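Look at the sequence and the model below. The paragraphs that follow go through its aromatic rings and part of its surface.

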Amino acid sequence: GALLIDKDSVVKISDFLIAFDSRDNVIGCLAPWSGAGIQDYMPLHYSLLAHNFRQVLKFLWPLGVTRRLTKPFSSTGIEQPLKFRYLTNISADNEDIFESLLCLAWEKSNKDEFLLYAHVDQDYRINPPLSWIAASSRYALYSVVSPDKEIPSFLHPSISLNPEIEAYIVA
């Protein structure tokens, strides 16, 4: 069956974080979006490396510089989803503008949410800033395509093109 997405869960213009220059030109933007209830990630078990990373985040959490990873199902018997705030529609003229927008998105996000966004390593403007704690997952961009359709060109890796993905609902 088809999944119906509530219109309130779609990114609205008022959700955008926009950076302007001194002449009111847009020099960067992004739109934080929560996928809670549409796609939840339940950690069943953490590898030793992930467990150690969880402990580091837990140690730094009281300082306000990190978020805590939820305990895995294997240790609690309770399914607790990881909470993500997806950053969509990202555009920035340079790394400093992106980091400023990232800071604002971090400040506005709930204290139990991680920021998550798609990027390619070759686009230095939106790489995770070195001063941030970041983790990555390769090949984390998915698209549901019927078997008789051609795979969209944006899913083929390319150094020259950055992914520009826009969510929309077909009614």
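In this predicted model, the count comes to six aromatic pairs, where rings of Phe, Tyr and Trp (its six-membered ring) pair if their centres lie within 6.5 Å, and planes under 30 degrees apart count as stacked, over 60 as edge-to-face and the rest as tilted. One of them is the tilted pair of tryptophan 33 and tyrosine 86, with 5.6 Å centre to centre and 40 degrees between the planes. Tryptophan 33 lies in strand E2 (residues 26–34) and tyrosine 86 in strand E3 (residues 83–92), so this pair ties together parts that are 53 residues apart in sequence. Strands are DSSP runs of at least two residues, numbered from the N terminus.

Tyrosine 86 is buried at 14% relative accessible area, while tryptophan 33 is partly exposed at 22%; buried means under 20%, exposed over 50%, and partly exposed in between (1.4 Å probe, protein chains only). Tyrosine 86 also forms a tilted pair with phenylalanine 84, at 6.2 Å centre to centre and 50 degrees between the planes. Phenylalanine 84 is buried, with a relative accessibility of 18%. Ring pairs link Trp33, Tyr41, Phe84, Tyr86 and Phe114 into a cluster.

Two arginines lie over rings, which requires CZ of Arg within 6 Å of the ring centre and within 35 degrees of the ring normal. Arginine 67 lies over the face of tryptophan 106, 3.5 Å from the ring centre. The charged end of arginine 68 sits over the ring of tryptophan 61, at 4.0 Å from its centre.

Residues are numbered from 1 along each chain as its sequence is written. Local features need pLDDT of at least 70, side-chain atom pairs count only at pLDDT 80 or more, totals for chains, interfaces and linings use all residues, and side-chain values use heavy atoms, with hydrogens and water left out.

Terms used
Helices (H or I, at least four residues) and strands (E, at least two) are DSSP runs, numbered from the N terminus.
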